[in-house]
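The following exercises ask the reader to derive local structural features step by step from a set of coordinates. Each task is followed by a worked solution.

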Amino acid sequence: MEKQLLVTISRTYGSGGKVIGERLAEMLGIGFLDREILDHMSKELGIDPEVLREYDEKVPNRFMSRTVRTMNTTVTNSPEKIVAEAQFEYIRKQAKAGKSFVLIGRAGSEVLKDYPYLVRFFITGRIENRISRIMEVRHMDYDEAKKAVRRHDRSRRAYHNSYGSGKWESPDNYELILSSSDLGVERTARYLYDYLKLRELI
């Protein structure tokens, strides 16, 4: 790929957004960034990646935050915010180095908004399809899966909205919003690939 391409995928829980992103990155022949970011961070910081994952894509817990007030400003630190900012720095570093990649979540549409070759997708699906997928993948019963979908959607919305200027589900934040319910993982990835081709980005 001659020019840089940055693709961000925001996704509702159970829509298969991560798997779609992996497949798209494979088709494009570019990098894929998701929880792998934490593995790089753990090596640099000497911290168990499982500890970092506990705070991944989470909004700061006000009861665990430490606020420092100075004469002119107020700084609030929490494990969630520290992990988020470290990830944002890593993502920007990869983009600044000219690398092309598909990024899952992590308020990517906001973090990379200043890059010219950025394309932002939002993957969702019908609620019943998403619940069924979580039942299968996470081995949950219907009620557990339904609660998990609602909980994770709420968490992802809060995370994005706390770091982004635009709302998580707002059409203004994305070039394309797509349901994976009818197309499935492979054809949704192919649809995104074809969209990039139509845009003459690949």
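A charge sits over a ring if NZ of Lys or CZ of Arg is within 6 Å of the ring centre and within 35 degrees of the ring normal. The model to which this rule is applied here is a predicted one.

**Exercise 1.** Determine which residue lies over the face of Y193, and at what distance from the ring centre.

Solution. The residue is R190, placed over the face of Y193. Its distance from the ring centre is 5.2 Å.

**Exercise 2.** Describe the length of helix α4 and the way its residues divide between buried and exposed.

Solution. Step one concerns length. Helix α4 runs through residues 79-96, 18 residues in total. From its first C-alpha to its last it reaches 26 Å, close to the 26 Å expected at 1.5 Å a residue.

Step two is to list the buried positions, for which the cut-off is a relative accessible area under 20%. In α4 these are E80, V83, A84, Q87, F88, Y90, I91, Q94 and A95. Viewed down the axis of α4, the buried residues fall within an arc of 165°, so they line one face of the helix.

Step three turns to the other side of α4, where I82, E89, K93 and K96 are exposed. Finally, the residue G98, which follows α4, has a positive phi near 90°.

**Exercise 3.** Classify the ring pair formed by F88 and Y163, and state which parts of the chain the pair ties together.

Solution. The model contains five aromatic pairs. In the pair of F88 and Y163, the ring centres are 5.1 Å apart and the planes stand at 80°, so the pair is edge-to-face; the cut-off for that class is an angle over 60 degrees.

Next, locate the partners. F88 belongs to helix α4 and Y163 to helix α7 (residues 142-163), so the pair ties together parts that are 75 residues apart in sequence.

Then consider accessibility. F88 is buried, with a relative accessible area of 3%, and Y163 is also buried, at 16%. To complete the picture, ring pairs link F88, Y159 and Y163 into a cluster.

**Exercise 4.** Find the buried side of helix α2 and the elements against which it packs.

Solution. Within α2 (residues 36-45), the buried residues are I37, L38, M41 and S42. They cover an arc of only 135° around the axis, which puts them on the same side of α2.

The packing partners of these buried residues are β2 (31-33), α3 (49-53), α4 and β5 (101-104). The face turned away from the buried side carries K43 and E44, both exposed. Just after α2, G46 adopts a positive phi of about 70°.

**Exercise 5.** For A107 and E200, state phi, location and accessibility.

Solution. A107, although not a glycine, has a positive phi of about 50°. A107 lies in the loop between β5 and α5 (108-111) and is buried, with a relative accessible area of 3%.

E200, also a residue other than glycine, has a positive phi near 60°. E200 lies in the segment after α8 and is exposed, at 62% relative accessible area.

How values were computed. Residues numbered from 1 in each chain as written. Predicted model: local features only at pLDDT ≥ 70, side-chain atom pairs only at ≥ 80, totals over all residues. Heavy atoms only, no water. Helix = DSSP H or I, 4+ residues; strand = E, 2+ residues; numbered from the N terminus. Expected span 1.5 Å × (residues − 1). Buried < 20%, exposed > 50% of the residue type's maximum accessible area, 1.4 Å probe, protein only. Arc of directions from axis to C-beta. Phe/Tyr/Trp six-rings, centres within 6.5 Å; stacked < 30°, edge-to-face > 60°. Contact = heavy atoms within 4.5 Å.
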